[in-house]
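Have a look at the model first, then read on.

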There are 2 protein chains.
Amino acid sequence: MPMDEFDLIAHYLTPLAANKAARGLADDAAVFEIPEGYQGVVSTDALVSGVHFPEAASGDIVAQRALGSALSDLAAMGATPTGCLLTWGIGPDWDSAFFDQFAAALGAGLDTYKVALWGGDTVRAPTPFISVCVHGIGRKSDLLSRSGARAGDAVYVSGTIGDGFLGLQDFATGANGAARAAYERPVPQLALGQALAGVASACIDVSDGLAGDLDHICRASGVAMEIEASAVPLSAAGVAYVQDAAGLQTLVTGGDDYQLAFSVSADNAGKLDAIARTANVALTRIGTVIGTPRQSPTEAFSARFVDADGGQMRLEKRGYTHF
Amino acid sequence: MPMDEFDLIAHYLTPLAANKAARGLADDAAVFEIPEGYQGVVSTDALVSGVHFPEAASGDIVAQRALGSALSDLAAMGATPTGCLLTWGIGPDWDSAFFDQFAAALGAGLDTYKVALWGGDTVRAPTPFISVCVHGIGRKSDLLSRSGARAGDAVYVSGTIGDGFLGLQDFATGANGAARAAYERPVPQLALGQALAGVASACIDVSDGLAGDLDHICRASGVAMEIEASAVPLSAAGVAYVQDAAGLQTLVTGGDDYQLAFSVSADNAGKLDAIARTANVALTRIGTVIGTPRQSPTEAFSARFVDADGGQMRLEKRGYTHF
């Protein structure tokens, strides 16, 4: 007899939900507390088969990408994860091998990032999907937003940009390139985000593409940015890919990086060396926040990528969009 | 030019998210607070096109069912809703008429139930889906669970059972039956749940089918129940449908009722009249919690439906399952 959703939950998820809030996955909802002086932070991220991951992706990759991308949003807020809800839209082709890999990788991720499985929903879906709703906490005064960037602030990005895109290419072609792990197992920059809380003036995680994500900060903050294209940090795989300007344009709009891009005032820039050591990730200055006239058209709130000749790099698109 | 997901969010969702936690839908996550002395309660519910609603369902019906079924889980906990996250898996056939109806009905529901739209995720999906993650609060000592039913407690259900099932039939056949509204616009029993907090010994919302949902209480509480089949409250449409025992079996396993089923001790049963008036919903006693030997097999933790002759009603299935 095939497992129904209650069997699936009991077999794969209940063992991962040995925490008080989850109530053994046996109630209608999870119950959680927030320590005094803290605020709750919540974000949800859905990955659809054939859209956000290849239909042939194995369960471990789907779990790692779902949890990693969701936690990356908490990292961008400077929050500390507490618990999550998992929605499993189960497709007709998912078999026990998929479930085994999924549950093992999910369990490992929950351990690594110290996030409890609180609950969720398991449904049948002709097109499979996974949605992870992550909760965290942070001190009110320290939580990061996209709206605090000010003219004169420096713009930084963590790690390297473009590996998520290159890793997806490797995955799709079956190549075993150096960037593949960045796609298969994105690492949310939680320690960095927490260290930047109260320090960065604005922050975002690079999920849709560096250019488009910096634009989000610009719009929310009412500023523009000048980004030095040649300063964007690349891995060896990225350097190899960038043989011409078009290559770099692809990497800064490719998305799936799950690095943090942030702005920091001159007063706080001195703290970044220690933060980079604490979070064990490279931080690279890539540009500067510049002001815009008050009555600017919407498109003025944007990050301009300037190439080595001082000219503005033309970006056909700014990042990943669904439609 | 068709709208991308940012346009869709700005046009349809941002106007509904004028609350502090949502941060204008312009951050990576929502930020919320829980008053001192309260706990957070969170539940998520996904509805998939062709599985949980007909592919041809209009936007208002999808929104009403998504919000109603999600809030019903908070009702079962006795919680008071605060905010929600909406995940929109947008299919190729959804057009502006669908979005208009969806957003109008969602906005009306958020107003009615006093729940704020905090955020969410908008993605493309070959098979459309909607997932609503609802948050609420409740006092620790009062929150309801499925695990407190004790031998001798009375078993009650609110409203009438079977109208969700009959309403779906009407919807599918195009008939305009009396039960249709129960399917198209399920009403979460929030006021009832809040009034039962600290009074009921166990509670669940009837979403998968009365029999199967009572079984959940039995398993979580380690008890059984004897339910008088003829006592199950039916609407006029339900009475008309139940011409034989098979009809009643269908209604008590049909699901989509979004009524509350709960147990209450003899000490607290006297409070139910006042609670029914406060919540403006009929409460009907349908049976009694009975004990089971400690070493019972799992199937002993079950609700037995007894018919007029005192015989046990045979239920082929206990409720809706996905697989």
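Two strands count as paired if DSSP finds at least two bridges between them. Helices (H or I, at least four residues) and strands (E, at least two) are DSSP runs, numbered from the N terminus. What you're looking at is a predicted model, where local features need pLDDT of at least 70, side-chain atom pairs count only at pLDDT 80 or more, and totals for chains, interfaces and linings use all residues. Residues are numbered from 1 along each chain as its sequence is written, while chains are lettered from A and ligands numbered from 1 in the order in which they are written.

**How the two copies relate**

**Where the chains touch**

- Contact here means that the C-beta atoms of two residues, placed from the backbone, lie within 7 Å.
- By that rule, 55 residues of chain B are in contact with 55 residues of chain A.
- On the chain B side, the elements giving two or more residues are E1, E2 (38-48), H2 (59-77), E3 (80-90), E4 (116-124), E5 (129-139) and E7 (202-205).
- E2(B) gives the most to this side, with 9 residues.
- Sorted by class, the chain B side has 28 nonpolar, 15 polar and 12 charged residues. For that count, Ala, Val, Leu, Ile, Met, Phe, Trp, Tyr, Cys and Pro are nonpolar, Asp, Glu, Lys and Arg are charged, and the others, Gly among them, are polar.
- The copies meet through the same surface, because 100% of the interface residues of chain B are also interface residues in chain A.

- Five strands make an open sheet with mixed pairing, in the order E4(A)-E3(A)-E5(A)-E2(A)-E1(B).
- Its edge strands are E4 (116-124) of chain A and E1 (30-32) of chain B, each pairing on one side only.
- From one strand to the next, the twist averages 20°; the angles run from 0 to 180 degrees between N-to-C directions, with axes that are lines fitted to C-alpha atoms (for helices, over the stretch in contact).
- E3 (80-90) of chain A pairs with E4(A) in the parallel sense over 8 bridges, and A:Thr87 stands opposite A:Asp121 there.
- Strand E1 (30-32) of chain A crosses over to pair with E2(B), antiparallel over 3 bridges; A:Phe32 has B:Gly40 as its bridge partner.

- E2(B) and E5(B) run antiparallel and are joined by 11 bridges, with B:Val41 partnered by B:Gly136.
- E3(B) and E5(B) are also antiparallel, joined by 9 bridges, and B:Leu85 stands opposite B:Cys133.
- E6 (154-158) of chain B has antiparallel partners in E9 (260-264), over 4 bridges, and in E10 (283-290), over 5 bridges.
- B:Val157 has B:Ala261 as its bridge partner in E9(B) and stands opposite B:Thr284 in E10(B).

**Buried and exposed**

- A residue is buried if 20 or more other C-beta atoms lie within 10 Å of its own, exposed if 12 or fewer, and partly exposed in between, with C-beta atoms placed from the backbone.
- In E5(B), 10 of the 11 residues are buried, and in E6(B), 4 of the 5 are.
- The largest nonpolar core has 214 residues, and those with the most contacts inside it are A:Cys84, A:Trp118, B:Cys84 and B:Trp118. Such a core is a set of buried Ala, Val, Leu, Ile, Met, Phe, Trp, Tyr and Cys residues joined through C-beta atoms within 7 Å.
- Leaving aside neighbours within four places in sequence, B:Trp118 is in contact with residues including A:Val42, B:Phe32, B:Cys84 and B:Leu85.

**Two residues with positive phi**

- B:Leu25 sits in the loop between H1 and E1 of chain B, and its phi is near 55°, a positive value in a residue other than glycine.
- B:Leu25 counts as partly exposed because it has 18 C-beta neighbours inside 10 Å.
- B:Lys114, in the loop between H3 (96-113) and E4 of chain B, has a positive phi of about 55° although it is not a glycine.
- B:Lys114 is exposed, with 10 other C-beta atoms within 10 Å.
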